[in-house]
2 protein chains.
Amino acid sequence: MNPRLTTLEPSLIRELNARKKPGDLDLGLGEPVLPPDPTVLEAALEWVTRNGMRYSPNLGFDEVRAAVGNYVGLSQDRICLTNGSQQALYLALLTALDPEHHEVLIVEPGYPAYAKIAQMLGIQCRSVHLRHPFTPDAHHVLAHVQDKTRAVVLASPNNPTALIWPDQQLQILRTGLEDRWLIFDEVYRELYYTPTPPARPELDHTLLVGGLSKCASLTGLRLGWLGAPKQLMPLVLRAHQLMTTAASTYAQRVALEILQRNLMGAQRPLYAQKRANLIESLDGLQYIEPEGAFYCLVKIPSRTPSLEVALQLLEQERVVTVPGVAFGAEGYLRISWAGDPDDVRFGLERLQRFFSFLT
Amino acid sequence: MNPRLTTLEPSLIRELNARKKPGDLDLGLGEPVLPPDPTVLEAALEWVTRNGMRYSPNLGFDEVRAAVGNYVGLSQDRICLTNGSQQALYLALLTALDPEHHEVLIVEPGYPAYAKIAQMLGIQCRSVHLRHPFTPDAHHVLAHVQDKTRAVVLASPNNPTALIWPDQQLQILRTGLEDRWLIFDEVYRELYYTPTPPARPELDHTLLVGGLSKCASLTGLRLGWLGAPKQLMPLVLRAHQLMTTAASTYAQRVALEILQRNLMGAQRPLYAQKRANLIESLDGLQYIEPEGAFYCLVKIPSRTPSLEVALQLLEQERVVTVPGVAFGAEGYLRISWAGDPDDVRFGLERLQRFFSFLT
């Protein structure tokens with residue numbers, strides 16, 4: 001057995017979900033529940049019926065890589081199509097760092113898998129915590145970069161804070177990192193509620209991670225991409241080929257339909273409406289106002305550890321949330337508002353009731 | 001950059017393919033060209049349209065794992081659905097071995113990716129070569145097992161020999177390995193031309209690798225599976241989750257349709273016909289008679305290195321083959337007969353002409 005895997009801690013998100021009983025209100029889930037656009041799925045099936053379900057080239061079909069490249073602002077030779085953005089993250093950490101000599105710095109609060117993938121790959125890993133209320137702060141991150149730090153990982157829009165890194169902060173960070181890699185996770189890119197789309201860092205030394213899952217309600221399709229610097233692409237190709245040959249031909253055709261029809265942001269107005277409902281339901285609670293994604297960090301009005309709060313809340317009020325500690329955001333619960341607005345409203349009512357006994 | 005990846009040799013198969021020009025006869029490809037059954041693709045789309053394209057559990061949907069378990073003879077809790085059998089191979093090597101202390105022994109001739117995945121994972125790797133004409137020989141393999149050998153990898157039906165391991169040989173091997181892992185690649189399982197289906201080893205300490213790609217003409221769907229010993233499943237779960245979350249929901253529904261309708265072997269008669277045509281066209285050549293898969297090793301009638309022969313053959317006769325050296329089968333060319341029978345016939349005619357000048 002591989003000892004690196006036996007020592008990996010199990011996921012808190014999964015643990016909470018495993019305790020969920022039928023009828024519980026689920027504000028824990030990290031995926032859209034909107035149905036995907038059926039016409040793109042049908043168009044992709046038609047293509048496959050005409051052309052067969054053959055392998056694509058290892059990095060993906062040229063025309064799909066070109067469409068993704070066009071969408072993210074990179075030439076197609078810098079694009080690798082992956083089995084979801086999760087695989088793109090894995091590929092980014094696998095290829096960009098030398099496990100023997102390099103360290104990766106993870107900006108928290110953040111997605112817990114970043115550190116776990118690093119651990120699994122034997123890469124040394126440190127975290128830098130953004131200060132309350134988790135406002136993006138390039139100078140603070142840069143102050144934690146050391147000589148052997150070869151990569152920094154962050155997400156914008158962020159999971160779990162739902163905050164977006166402003167252009168100026170990204171520029172300061174990117175410049176300050178010099179030739180270090182920035183692994184930039186933008187899987188929530190199209191879900192923003194700010195006047196302008198989220199900023200992207202300068203891409204020369206940046207590994208861009210994205211996909212269809214969150215923005216197009218296609219979590220189960222497993223189609224993502226990695227936009228990598230040119231010098232890393234030969235490594236990405238070999239690793240991707242050996243890990244999984246290529247992304248699904250069917251999923252790639254779905255991606256092409258979505259990108260060609262400019263549908264990546266099609267569900268944003270629906271989420272904007274959900275967000276408006278959420279803000280109403282949050283009245284009376286302390287929280288971090290979401291700028292993107294479909295999460296919200298709600299402050300726990302006591303010093304009780306968030307894991308304990310989440311477990312009690314599930315036990316007593318039958319509401320599933322994720323404890324902030326899972327993301328490096330102790331003192332908060334992460335709620336997801338991707339689901340049914342009534343579930344969100346009732347769930348938050350119960351949360352308020354529960355909190356009133358806590359204080 | 002990860003130095004383990006920079007030192008990986010590029011694939012000879014890819015190299016030959018890159019030199020292919022339009023109009024060349026391609027006997028190099030490793031995938032079916034038959035169209036897949038459209039009704040299973042449509043049925044899966046209907047399911048997705050009704051139920052959405054949500055994440056499945058990390059190891060796959062229960063009902064699909066049960067159907068695969070039933071097919072391979074394992075309980076469903078030992079099944080992980082993967083992005084193609086390639087990912088199952090990667091997971092097998094990643095979870096079963098401790099890179100610091102263990103060694104894997106690879107039975108050759110074999111699929112070149114086994115050794116490359118091991119190298120990528122930092123696992124020490126040795127090969128044992130079956131003696132000409134590559135007849136499966138358990139005692140020969142066992143004689144090469146050492147103390148630190150913790151796993152043996154073999155495929156049956158085999159790529160490139162197209163030979164099948166007989167039941168008795170598998171039993172001797174499995175018993176002789178004691179508590180060592182056997183990674184058993186049966187991705188070509190349903191393509192056999194022997195009176196009975198290929199034997200399977202006893203499964204207690206065996207990691208079974210399979211999938212839809214080769215048998216159901218769905219290489220581009222990327223749906224495979226790993227059947228792993230119980231004690232490895234927690235590691236498989238964590239690694240799979242961090243690498244790629246889960247296999248595609250759509251692809252899993254396709255698999256369920258195929259397994260429920262008992263279609264895994266549906267294309268075997270078509271291949272049996274292709275094989276009969278092949279044997280006719282092979283008249284006058286020395287070769288290893290294929291028992292399974294859709295490959296055939298053709299003997300080179302001189303001592304010229306197979307890479308040189310393959311390159312000259314491509315240059316002079318415009319026929320793509322794969323040099324045996326890529327698989328540990330120097331002295332042979334691997335031809336694939338999955339394609340159009342006329343291509344195979346004309347390709348072999350040109351091969352004979354080329355060989356007549358070689359001797």
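Helices (H or I, at least four residues) and strands (E, at least two) are DSSP runs, numbered from the N terminus. All of the views below show a predicted model. The predictor assigns the complex an ipTM of 0.97 and a pTM of 0.97. For chain A the mean pLDDT is 96, with 100% of residues at 70 or more.

**Figure 1. Ser217(B) and its positive phi.** Ser217(B) belongs to the loop of chain B between strand E7 (206–211) and strand E8 (224–227). Its phi is near 55°, which is positive although the residue is not glycine. Ser217(B) counts as buried because its relative accessibility is 4%, and buried means under 20%. Leu212(B) is in contact with Ser217(B) and, among others, with Leu218(B), Trp225(B) and Met264(B).

**Figure 2. Ser217(A) in chain A.** The loop between strand E7 (206–211) and strand E8 (224–227) of chain A holds Ser217(A). A phi near 55° is found for Ser217(A), again a positive value in a residue other than glycine. With a relative accessible area of 4%, Ser217(A) is buried.

**Figure 3. Two cis peptide bonds of chain B, at Pro133(B) and Pro157(B).** The bond joining His132(B) to Pro133(B) is cis, with omega about -5°. Pro133(B) sits in the loop that lies between strand E4 (124–129) and helix H7 (138–142) of chain B. The bond from Ser156(B) to Pro157(B) is also cis, and its omega is near -10°. Pro157(B) is placed in the loop between strand E5 (149–155) and helix H8 (167–176) of chain B.

**Figure 4. Gln169(B) in helix H8 of chain B.** Is Gln169(B) buried or exposed? Gln169(B) counts as buried because its relative accessibility is 17%, under the 20% limit. Beyond its neighbours within four places in sequence, Gln169(B) contacts Pro136(B), Asp137(B) and Ala138(B).

**Figure 5. Strand E5 of chain A, with its neighbours E3(A) and E6(A).** Strand E5(A), residues 149–155, is mostly covered, with 7 of its 7 residues buried. Strand E3(A) (residues 103–108) runs parallel to E5(A) and is joined to it by 4 bridges. Within this pairing, Leu105(A) stands opposite Val152(A). Strand E6(A) (residues 181–185) also pairs with E5(A) in the parallel sense, over 5 bridges. Here Val153(A) faces Ile183(A) as its opposite residue. Between E5(A) and E6(A) the chain passes through helix H8(A) (residues 167–176), and this β-α-β crossover is right-handed.

Figure 6. In soluble globular proteins, nonpolar side chains tend to be buried together.

Figure 7. Helix H3(B) consists of 14 residues, 38–51. Just after the helix, Gly52(B) adopts a positive phi of about 85°.

**Figure 8. Gly30(A) and its contacts.** Gly30(A) lies in the loop between strand E1 (25–26) and helix H3 of chain A. In sequence, Gly30(A) and Glu42(A) are 12 residues apart, while their C-alpha atoms are 26 Å apart in space. Which residues does Gly30(A) touch, not counting those up to four places away in sequence? They are Tyr188(A), Lys214(A), Phe294(A), Tyr295(A), Arg334(A) and, from chain B, Tyr55(B).

**Figure 9. An open, antiparallel sheet of 3 strands in chain A.** The strand order is E9-E12-E11. Strands E9(A) (295–299) and E11(A) (322–323) stand at the edges; each has a single partner strand, so one side of each is without a neighbour in the sheet. Strand E12(A) (residues 332–336) is joined to E11(A) by 2 bridges in the antiparallel sense. The bridge partner of Pro323(A) in E12(A) is Leu333(A).

Key. Residues are numbered from 1 along each chain as its sequence is written. Chains are lettered from A and ligands numbered from 1 in the order in which they are written. This is a predicted model: local features need pLDDT of at least 70, side-chain atom pairs count only at pLDDT 80 or more; totals for chains, interfaces and linings use all residues. Side-chain values use heavy atoms; hydrogens and water are left out. Buried means under 20% relative accessible area, exposed over 50%, partly exposed in between (1.4 Å probe, protein chains only). Two strands pair if DSSP finds at least two bridges between them. A crossover is right-handed if, with the strands pointing away from the viewer, the path from the first strand over the helix to the second runs clockwise. Contact means heavy atoms within 4.5 Å. pLDDT is the predictor's confidence in each residue, from 0 to 100. The expected span of a helix is 1.5 Å times one less than its number of residues.
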